[in-house]
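Hi,

Here is the structure I promised to pass on. Have a look at it first, and then read my notes below.

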Amino acid sequence: MTSLTAHGSGGGRVPARFAGLALTALALLASAGCQRGVEPAPRLLYSLQGATFGTYYVVKIVVDRGDIVEGEPSPEERALPLIEHELAEVDRLMSNYRDDSELSEFNANPTSDPVPLSPPTVEVFKAALELGELTAGALDVTLAPLVKAWGFGPDGLATTAPAADELEALLASVGIDKLTLDPAAGTLSKSDPNLYCDLSSLAKGYGVDRVLDRLRETGFSNVLVEIGGEVRTAGHNRDGEPWRLGIESPFALRGQVQRVLPLVDEALATSGDYRNYREIDGRRVSHLIDPRNGQPIEHQVASVSVVAPSCIRADALATALMVMGEEEGFDLAEREGVAALFLIRDGDAFVEKATTQFRARFPASSQAAAP
């Protein structure tokens, strides 16, 4: 389901059916310019919005007015089929909410024999294994049984915490060391037939990258793509300036934005624990599970935002750093030169802790006041 709008001087709005999702891990502030005059704006902003991956997407495309040729397909008519096709393909391959996806068929395979996978799925698993090793197992696409045990998977809500012996048994079938990927052959195998993979920490970011890359190949050079808060930009906004992206404050329900970042040809992703959680046995349980011990995270980091060249990397690293926490995660981000912003609870407030790379790119003066 998609809605289309074109603007000569302003941005589009997320449809009402997505109003509750308009602020997820990021607050999207895609500046489109607000000048109004007698002369028509030289550039047009097209906004395309729709549902995907259980959330929403927003695509913004800027084109020169002179490039619009009467009688030829409009920019949205050219872009929309590409967007819908790319997103449908990622869902068909990597969703663990549909039994016929390539990922679900791999999970259902009862043997350790190599399973042929399509190039896109191989690409995502390759990134998953590389980043899983980089983060010492904090990013682990085999953690799905743990997510399910805590009630955050496709099967619904848990009312009680899993028992210690249940978690111990599940942890025995978790670990990226149990996966063997052969990129050249295009196959993946698992040493434990009970292994079950979940690509949700990468697939959304990969979908953003895939849509943006496809649009650029088609000739759109000024583009912003967001899926559920994960964003990547190409080129500039309608005013010829960097796209402006907002990092959501943990006080998001009050309408607050923590920072506004100008980005050109980069991605931004945020992982936080303040939206998706529930009470189990009187305990506040986050949806973020540490695959190394099977427990929901309980540290004081409220969110981690990462800027990276690709959205798949920003998405995965934000998740992993959030799982690792203030000390372990921050040390890794510093060591690897990651531009990351940690928001840490301090009583009723939140304290920023930015890596050297983030501080160099985005001075504290970029902090935004509440609307």
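Which residues have the most contacts inside the largest nonpolar core? They are Val59, Phe125, Leu215 and Val306, in a core of 74 residues. A nonpolar core here is a set of buried Ala, Val, Leu, Ile, Met, Phe, Trp, Tyr and Cys residues joined through side-chain atoms within 4.5 Å. Buried means under 20% relative accessible area, exposed means over 50%, and partly exposed is in between (1.4 Å probe, protein chains only). Helix α7 (residues 311–324) gives this core its largest share, 11 residues. Helices (H or I, at least four residues) and strands (E, at least two) are DSSP runs, numbered from the N terminus.

Before you go further, keep in mind that this is a predicted model: local features need pLDDT of at least 70, side-chain atom pairs count only at pLDDT 80 or more, and totals for chains, interfaces and linings use all residues. Residues are numbered from 1 along each chain as its sequence is written, and side-chain values use heavy atoms, with hydrogens and water left out.

Setting aside neighbours within four places in sequence, Phe125 is in contact (heavy atoms within 4.5 Å) with Leu103, Leu117, Val141, Leu179, Leu181, Leu188, Cys197 and Leu199. There is also a second, separate core of 17 residues, which includes Val62, Leu224, Ile247 and Leu343. In soluble globular proteins, nonpolar side chains tend to be buried together.

On cysteines: Cys197 is buried at 0% relative accessibility, and Cys311 is buried at 0% too. The count of disulfides (pairs of cysteine sulfur atoms within 2.5 Å) comes to zero.

Next, have a look at helix α8 (residues 326–335), where Gly329, Phe330, Leu332 and Ala333 are buried. Seen down the helix axis, the buried residues of α8 fall within an arc of 160°, so they line one face; the arc is that of the directions from the axis to the C-beta atoms. They pack against α3, α7, β18 (339–346) and β19 (349–354). On the face turned away from that buried side you'll find the exposed residues Glu327 and Arg335. After α8 comes Gly337, with a positive phi near 70°.

Phe330 also turns up in an aromatic pair with Phe342: 5.6 Å centre to centre, 65° between the planes, edge-to-face. For this, rings of Phe, Tyr and Trp (its six-membered ring) pair if their centres lie within 6.5 Å; planes under 30 degrees apart count as stacked, over 60 as edge-to-face and the rest as tilted. The pair links helix α8 to strand β18, 12 residues apart. Phe330 is buried at 11% relative accessibility, and Phe342 at 0%. The total is three aromatic pairs.

Finally, two buried polar residues. Thr135 sits in the loop between α3 (119–134) and α4 (144–149) and has a relative accessible area of 1%. A polar atom of the Thr135 side chain lies 3.4 Å from the backbone oxygen of Gly132. Beyond four places in sequence, Thr135 touches Arg292, Leu317, Ala320, Met324 and Leu332.

Asn222 is in strand β8 (residues 222–227) and is buried at 12% relative accessibility. A polar atom of the Asn222 side chain lies 2.8 Å from the backbone nitrogen of His236. Among the residues that Asn222 touches, leaving out those up to four places away in sequence, are Arg43, Lys60, Val62 and Trp243.

Cheers

Technical notes. Polar contact = N/O pair within 3.5 Å; in protein donor to acceptor, adjacent residues only side chain to side chain.
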